[in-house]
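Hi everyone, thanks for making the time. Let me put the chain up on the screen, and then we can walk through how its parts pack.

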Amino acid sequence: MQHNLSPEQIDRIIEMAWEDRTPFEAIEFQFGLIEKEVIELMRTEMKASSFQMWRKRMKGRKTKHGSIRSNSVDRFKCTRQRTISLNKISKRK
């Protein structure tokens with residue numbers, strides 16, 4: 001993984017990864033990290049117990065994968081995401 005990410009970007013990726021309705025595709029669109037790279041980032045940036053809790057939570061969560069998520073999930077982002085500055089997705093209409 002060779003991405004030059006600022007601490008603010010890393011914090012935002014972690015936040016997006018924890019959000020239930022934010023798919024990995026949204027992280028890839030905004031930061032260029034595929035799911036495998038997000039998992040590696042989470043592994044290196046979090047305590048081992050927190051990472052294990054996150055992996056257990058994400059396993060089987062259909063809303064984290066755009067290809068298998070239900071059509072009833074029509075939001076691309078969390079409603080709280082709108083207030084975050086420098087967020088490319090929240091500025092799209």
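Buried residues account for 38% of the 93 residues in this chain, where buried means under 20% relative accessible area, exposed over 50% and partly exposed in between, with a 1.4 Å probe and protein chains only. Keep in mind that this is a predicted model: local features need pLDDT of at least 70, side-chain atom pairs count only at pLDDT 80 or more, and totals for chains, interfaces and linings use all residues. Residues are numbered from 1 along each chain as its sequence is written, and side-chain values use heavy atoms, leaving out hydrogens and water.

The chain has four helices and zero strands; these are DSSP runs numbered from the N terminus, H or I of at least four residues for helices and E of at least two for strands.

Now, the core. Which residues touch the most other members of the largest nonpolar core? They are I13, I27, V38, M42 and W54, out of 18 residues. Helix 1 (7-18), helix 2 (24-31), helix 3 (35-45) and helix 4 (48-58) each supply at least two residues of this core, and the largest share, five residues, comes from helix 1. A nonpolar core here is a set of buried Ala, Val, Leu, Ile, Met, Phe, Trp, Tyr and Cys residues joined through side-chain atoms within 4.5 Å.

Let's look at I13. Leaving aside residues up to four places away in sequence, I13 touches L5, I27, F31, L33, V38 and L41, with contact meaning heavy atoms within 4.5 Å.

On to the helix pairs. The axes of helix 1 and helix 2 come within 10 Å and cross at roughly 160°; axes are lines fitted to C-alpha atoms, for helices over the stretch in contact, and angles run from 0 to 180 degrees between N-to-C directions. Helix 1 and helix 2 are therefore roughly antiparallel, with the cut-offs being under 35 degrees for roughly parallel, over 145 for roughly antiparallel, 65 to 115 for roughly perpendicular and oblique for the rest. In this pair, Q9, R12, I13, M16 and A17 of helix 1 meet A26, I27, Q30 and F31 of helix 2.

What about helix 3? Its axis and that of helix 1 come within 10 Å, crossing at roughly 110°, which makes helix 1 roughly perpendicular to helix 3. Here I10, I13, I14, A17 and W18 meet V38, L41, M42 and E45.

Finally, E37, V38, I39, L41 and M42 are the buried residues of helix 3, and they pack against helix 1, helix 2 and helix 4.
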